Amino acid sequence: MSRSASTSAAPSSPQLKNDKLWLTSGLLNGQWTSGTATDTFEVINPGTGKVMGTLPDMGVEDVKQAVKHAHEALKSWRKTSETERAAILTKIFQLTTENHEDLAQIITAENGKPLADARGEITYGASYFSWFAGEAVRNYGDVIPSATKGVQNTTIKQPIGVCGIITPWNFPNAMVTRKVAAALAAGNTVVLKAPAETPYSVLAMADICRQAGVPDGVINVITTSKHTADVGKEMCENPLIHKISFTGSTRVGKILMSQSASTLKKLSFELGGNAPFIVFDDADLDKAVAGVIACKFRQSGQTCVCANRVYVQDGVYEAFTTKLAEAVRNFKVGEGTGEGITHGPLIHQAAVDKVHSHVEDAVKNGAKVVIGGKKVDLPGYFYEPTVLTEVNSCAIDNEETFGPLAALYRFKTEEEVIARANDTEVGLAGYFFTENISRLHRVAAALEVGMVGANTGAISQAAIPFGGIKESGFGREGSKYGLQDWQNIKLISIGGL
């Protein structure tokens with residue numbers, strides 16, 4: 001495993017062709033403003049550990065103002081036709097594509113992921129505007145046969161209203177676009193709390209939306225760090241907000257759900273996961289290794305659908321371990337803009353410490369370190385991509401690592417591994433590799449998750465319904481189902497016909 005020698009010399013903030021995308025304040029009613037903030041917070045480049053900028057630490061009063069603006073803008077925005085909204089979404093897609101490289105540079109600077117991954121995220125994020133532009137003009141209702149003579153029943157779909165959106169730092173562009181594109185397509189207005197770790201990507205996308213013709217007040221952005229809990233509470237309890245969409249931890253999701261109860265908001269939550277990754281004896285091992293690389297080590301393990309527990313059947317355990325270790329040795333770790341970098345930093349020091357604690361706990365319980373297992377001596381927040389074998393009962397069983405750690409467990413039978421895979425309170429994604437067609441269908445049906453990757457480690461697309469079951473949340477984003485979470489269905493029953 002090699003390391004970038006140029007990390008310490010890398011800039012802490014990006015050099016952009018279009019520097020107008022570098023915004024340094026919140027957005028209220030079409031105006032870039034600090035609102036009532038009297039303080040600022042620092043944003044750290046995790047690849048260098050250096051401050052890359054400061055933003056206003058906005059608070060509850062700013063949320064209240066944002067909600068008022070969004071409520072006022074809703075009066076006209078909800079009356080726009082689906083065709084008009086589709087045209088604006090298409091324009092956002094075009095502008096995002098035109099500014100592709102700058103948006104990727106912003107992601108790498110504030111999130112740390114390698115530029116190749118950041119570029120991929122921008123392409124992925126933009127696809128939601130293209131997708132929901134198409135869905136907007138297919139917003140069909142129904143005519144329902146009536147049991148009463150002379151009565152016609154129809155349904156129409158209408159916007160929910162003002163929507164509160166809270167997004168995470170690990171996909172600072174795509175998590176925003178996945179929600180905002182659907183919200184706008186349905187005719188809603190938005191109050192968006194940007195993640196404190198990666199706010200610049202959110203602000204850049206908000207500006208692109210404005211350039212594309214989204215009216216003032218339709219999208220409002222709150223930047224905050226120390227007021228995060230209070231801002232979230234106000235969004236949940238404000239009676240003018242009628243939906244909360246949140247991606248983040250199960251712990252925080254439960255808090256937001258409780259706070260939303262007083263106004264019975266519509267909720268859609270994409271929460272924590274602990275994805276099983278199963279390699280059966282009959283798997284193509286090269287494909288399975290590539291699958292682990294794609295879904296365990298992507299963004300240094302900091303994705304909600306990352307494999308957390310890798311179960312390998314006895315018959316191929318040693319061969320799979322050897323192949324995986326060889327692949328991981330070829331990784332190049334360093335600051336994301338470095339030449340040939342494959343894996344960047346973790347988001348902050350606490351993330352590094354969590355990964356190391358999981359390694360130490362597993363080793364204490366009998367696991368062996370095949371490769372990695374240590375913090376990396378570079379500026380910023382790095383941990384060696386790590387492979388553990390002979391993993392037994394440990395913290396990884398129940399806690400999401402969110403880092404570059406592949407923990408390999410042995411299993412003997414299909415029945416055993418399905419039971420172990422499902423032995424968790426969460427159920428976001430699950431993966432398995434097999435060349436047996438009967439087993440493929442059987443295991444896919446048996447896994448207690450919202451999304452299954454069979455013989456693939458990459459499942460995310462705009463066209464698929466993204467979401468989980470159990471304590472991984474509810475609601476779906478993307479796909480033909482994704483618009484309905486942002487709409488109310490209204491019955492119109494007409495008599496006297």
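This is a predicted model: local features need pLDDT of at least 70, side-chain atom pairs count only at pLDDT 80 or more; totals for chains, interfaces and linings use all residues.
**Helix pairs, pockets and cavities**

If you want to find the contact on the structure, look on the α3 side for Leu103, Ile106, Ile107 and Glu110. They meet Pro199, Tyr200, Ser201, Ala204, Met205 and Ile208 of α6. What classes of residue make up the contact of α3 with α6? There are 8 nonpolar residues, 1 polar and 1 charged.

The next pair is α2 with α4. Helix α2 is residues 82–98, and it packs against α4 at about 165 degrees, with the axes 8 Å apart. That angle makes α2 roughly antiparallel to α4.

By class, the contact holds 10 nonpolar, 3 polar and 1 charged residues.

Helix α4 comes up again when we turn to open space. It spans residues 115–136, and together with α9, residues 285–296, it is an element that supplies at least two residues to the lining of the second largest pocket. The top contributor to that lining is α4, with 4 residues. The second largest pocket holds about 290 Å³ of space and is lined by 21 residues. Which of them lie nearest its centre? Those are Asp117, Phe171, Ala294, Arg298 and Ala458. The lining divides into 10 nonpolar, 7 polar and 4 charged residues.

Please keep Phe171 and Arg298 in mind, as they also line the largest cavity. By class, the lining has 6 nonpolar, 2 polar and 3 charged residues. How much space lies in the largest cavity? About 90 Å³. Searching the whole structure gives 6 cavities of 30 Å³ or more.

The second largest cavity has about 50 Å³ of space. It is lined by 14 residues, and Asn274, Pro276, Thr424, Val426 and Val449 are the closest to its centre. Two strands give two or more residues to this lining: β13, at 275–279, and β19, at 426–427. The residues here divide into 7 nonpolar, 5 polar and 2 charged.

Now for the largest pocket. It contains about 1,300 Å³ of space. There are 44 residues in its lining, and those nearest the centre are Gly248, Ser249, Thr250, Arg251 and Val252. The elements that give two or more residues are α7 (228–237), β11 (241–247), α8 (250–260) and α11 (349–364). Which element gives the most? That is α8, with 6 residues. As for class, the lining splits into 17 nonpolar, 17 polar and 10 charged residues.

The crossing of α1 past α7 is right-handed. On the α1 side the contact is made by Val60, Val63 and Lys64, which meet Asp230, Val231, Glu234 and Met235 in α7. How many polar residues does this contact have? None: it divides into 4 nonpolar and 3 charged residues, with no polar ones.

To recap two links on the structure: α4 packs against α2 and lines the second largest pocket, while α7 meets α1 and gives residues to the lining of the largest pocket.

Notes. Residues are numbered from 1 along each chain as its sequence is written. Side-chain values use heavy atoms; hydrogens and water are left out. On a 1 Å grid over the protein atoms alone, a cavity is a set of points where a 1.4 Å probe fits but cannot get out, and a pocket is an open set with protein on both sides within 12 Å along at least five of seven lines; lining residues have an atom within 4 Å of a point. Grid points are joined across faces, edges and corners, and a volume is the space filled by probe spheres set on the points. Ala, Val, Leu, Ile, Met, Phe, Trp, Tyr, Cys and Pro count as nonpolar, Asp, Glu, Lys and Arg as charged, and the others, Gly among them, as polar. Contact means heavy atoms within 4.5 Å. A crossing is left-handed if the near helix is turned anticlockwise from the far one by less than a right angle, and right-handed if clockwise. Axes are lines fitted to C-alpha atoms, for helices over the stretch in contact, and angles run from 0 to 180 degrees between N-to-C directions. Angles under 35 degrees count as roughly parallel, over 145 as roughly antiparallel, 65 to 115 as roughly perpendicular and the rest as oblique.
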